[in-house]
Amino acid sequence: MSCTFYSRRRRLLPCLVAAACALTLCTLPALAAQTDGPPSARTVDVVDHVFGATLHDPYRWMEGEHNTEFQQWLAAQGDDTRAKLDALPTLKSWQQALQKVSAATVVYRNQRHVGGRLFFIRQAAQGNGTLMVRELDGSERVLLDPATLKGDSGHASITVFKPSPDGSKVAVNIDHGGNEITRVEVLDVKSGKPTGDAVEPVWGEFPVQWLPDGSGFTYTQLAPPEQRTGGDPLQDMRSRFHPLGKLSTQDPILLRAGTGQGANPSFAIPANHFPVIEFSTDSRWVLGEALSAQAEQRYCVALRSDAVKPDATWHCIADDNDEVQEAAIHGDTLYLVSSRGRSNGELLALDLSRPNASIKDARSILPLQDDEIVVGVSLNDTQMVAPARDALYVKVSKNGIDDIRRIDYASGKVETVPMPLSGAASLFHADDNEDGFLLELRSWTTPPKSWRYEPTTRALHSLNQDEASPADYSMIEATEAELISKDGTHVPFTILHRKDAALDGSHRAIVFGYGSYGLSIVPSFKPARLEWVKQGNIFAYAHVRGGGEKGEAWHQDGKGPNKHKGVEDFVAGVARLSELGYSRPERTALISGSAGGLLIGGAVTGYPDHFGAAVFLVSILNPVRLMQAPNGANQIGEMGDPRKASDFPWILAMDPYQQIHPHTAYPAVMLDVGLNDSRVAPWETGKFTARLRAADISGRPVWIRTDANGGHGIQKSLGAEAAEYADIFAFLDAKLPGR
């Protein structure tokens, strides 16, 4: 997952402990214990004194971009781990099993119905996804296969795309090597050829926003290197307007994060936020957004006639303290989803035609039961509020299951759209120049099925893109349970197991968690993980605090100074599997990554004897150095600001690198890192690994698995995912005791 995440609303989604001994005294025993290890890391005598705390940072030298010494050290780590993984006894069998299911899998995603055409990404085993179009007569053709694009920076992939309102053109974001820094090319849909319109560099999660007449678009561009605060590529972005047929170098800046040329005094945007301007086909109003990696965002409006001018006057409606997580416009109505008055969220409507319209004038328009949720972040391609031409559609979740409410624009009448099956939405999208919506539902053990809702027939019609299961998983079931955390809180806990699993504690098990940004872990069909279960193992999901499974209060209960509660939930999942008879702590591994690195890092450093192994995936592990990391400033809203005396104590407490204790027996650990990762700096993995090895006295492995052709994993091919999980499963087979 992501540390910066954006898809309309998904953005880029204790005590103080310091190392108290001299480096030489801490490292010598560990070096003796890891005699078969990869090349050791040198240490430096760096000590920081911050707000009364003393922080030793012996691997500070690994930080920074273009650090040749660290890159060489990391490459050597990867080579050493690769050799050890290749020698594991069960690797080949896992490779064969997972490559077989990946070869038989075809995934459809990012469906968009525009102008009578269906645009979508088709992804097979080895590709990163091909852009396809289905015409009105049902014929399908390739618009862009990124495998045909050549470059010196690794394989190309499509991160996002956006058709023009009439479907005649499509703007495609293309990156190389998984780094998510894209060039946006406009294609003519009829011919499939580039029109000559292109803009760059654009962060890979930001699609262009077309004008209603298709004559141009706005886009959110990365700042030139010399204008980036602290050299961070994700600071000081600007929203620009590109008229088709014009040189992009002449595109005016409409909004700018930070200060300097292009900043608009009526809509001031912090440097670490992302300006986005969205147009509605049926409205004279334009929505301006200042987005960041936090749940609440800032929203302003301007008249469409003014919005494409650099000196537009913006009227700001919602600030961070209004706790608005999503917004959309239809006509003169601004729809807002806020958690300020209701932790599970409420849908508000505001009449923008009123003079000096304020969020205080907004009214609640969707009746909800106490346990129904309309807030929260999902990594899937889903909107929460989707304005279509015919009506407003809203996704409502209850106990992890989604349904859709239709609200008539004129009457305000609310209807529930009958669902064809019970599941979680991995696609929910509407366009304001089309009737109805697109929907895809899936569960833990069944593949996604997709439909288009047509309001004239009040029915969901298949898109004929239902994924086929690549293998028989009928022997697997999902048990919804609860675990009881350290403070007595009941936490939802999903357990995937064979129906015939003996409850004798004999199974190897994985507990997966995340716990950041209010992002919920929802039912998802993952054949690679199901193969683990099919072989008699357990795969469980701990819905820890910090996520959004129980609304915004659940998020806040595991955020900032409460981060330790999510860690306690995560570790309690291990004990719960043992209590229920599925596994034993020594047979159980934890997996998490990205911002979940704080979760699994906290578990490893705080509870090293409570489980048998841990696998980190592209993880944040050193948040006290947040401001020195690319994409670090963007995380302040979720993780706090280490420059503030009020925030620093709990940031230090959640910092896995700083919480490593010398002379401690740690579990077996493998850390996965993409060398082209633009979201989480690889040096965070390097520093944590080196320090953990130096402190460990168990002799268990601490390996780094590197992907030279990968980034944060967002566009990972099915084949690459299969290879990754084959390595993980073989590692766990070798390091967790079996029956």
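**Figure 1. Surroundings of Gly177 in the predicted model.** Leaving aside neighbours within four places in sequence, Gly177 is in contact with Ser153, Gly154, His155, Asn676, Asn709, Gly710 and Gly711. The structure shown here and in the following figures is a predicted model. Gly177 belongs to the loop that joins β8 (169-176) and β9 (181-188). Its relative accessibility is 1%, and Gly177 therefore counts as buried. Pro630 is 453 residues away from Gly177 along the chain, and the C-alpha atoms of these two residues are separated by 17 Å.

**Figure 2. The whole protein, given for orientation.** The protein has 12 helices and 39 strands. Its radius of gyration is 25 Å, close to the 27 Å that the globule rule gives for 739 residues, so the protein is as compact as a globular protein of that length. The C-alpha trace spans about 70 × 60 × 50 Å along its principal axes. Of the 739 residues, 63% count as buried.

Figure 3. A search of the whole structure finds 22 aromatic pairs. In the pair formed by Phe206 and Phe274, the ring centres are 5.5 Å apart and the planes stand at 80°, so the arrangement is edge-to-face. Phe206 is found in the loop between β10 (194-203) and β11 (209-210), while Phe274 is in strand β15 (residues 274-279), so the pair ties together parts that are 68 residues apart in sequence. Phe206 counts as buried at 2% relative accessibility, and Phe274 counts as buried at 0%. For Phe267 and Trp314, the ring centres are 5.7 Å apart and the planes stand at 55°, so this pair is tilted. Phe267 is placed in the loop between β14 (253-256) and β15, and Trp314 in the loop between α4 (304-307) and β18 (315-318), so the pair ties together parts that are 47 residues apart in sequence. Phe267 has a relative accessibility of 0% and counts as buried. Trp314, at 5%, also counts as buried.

**Figure 4. Helix α5 and its covering.** Helix α5 comprises residues 527-534 and is mostly covered, with 7 of its 8 residues buried. The buried residues are Pro527, Ala528, Arg529, Leu530, Glu531, Trp532 and Val533. They pack against α3 (91-103), β32, β33, β34, β35 and α12 (718-735). Just after the helix, Gly536 takes a positive phi of about 100°.

**Figure 5. Helix α7 and the elements around it.** Helix α7 contains 17 residues (residues 563-579); at 1.5 Å a residue these should span 24 Å, and the end C-alpha atoms are 25 Å apart, which agrees. Its buried residues are Lys563, Gly566, Val567, Glu568, Asp569, Phe570, Val571, Ala572, Gly573, Val574 and Leu577. The elements that cover them include β32 (476-484), β33 (490-498), β34 (509-512), β35 (538-542), β36 (588-593) and α8 (597-606).

**Figure 6. Polar contacts of Ser338.** Ser338 is located in strand β20 (residues 333-338). Its relative accessibility is 3%, and Ser338 therefore counts as buried. A polar atom of the Ser338 side chain lies 2.8 Å from the backbone oxygen of Asp322. The side chain of Ser338 also reaches the backbone oxygen of Glu323, at 3.4 Å. Not counting residues up to four places away in sequence, Ser338 touches Asp322, Glu323, Val324, Gly345, Glu346, Leu348 and Val375.

**Figure 7. A charged end over the ring of Tyr657.** This view shows Arg691, whose charged end sits over the ring of Tyr657. The distance from that charged end to the ring centre is 4.6 Å.

Definitions and conventions. Residues numbered from 1 in each chain as written. Heavy atoms only, no water. Phe/Tyr/Trp six-rings, centres within 6.5 Å; stacked < 30°, edge-to-face > 60°. Helix = DSSP H or I, 4+ residues; strand = E, 2+ residues; numbered from the N terminus. Buried < 20%, exposed > 50% of the residue type's maximum accessible area, 1.4 Å probe, protein only. Lys NZ or Arg CZ within 6 Å of the ring centre and 35° of its normal. Expected span 1.5 Å × (residues − 1). Contact = heavy atoms within 4.5 Å. Polar contact = N/O pair within 3.5 Å; in protein donor to acceptor, adjacent residues only side chain to side chain. Rg over C-alpha atoms; globule rule 2.2 N^0.38 Å.
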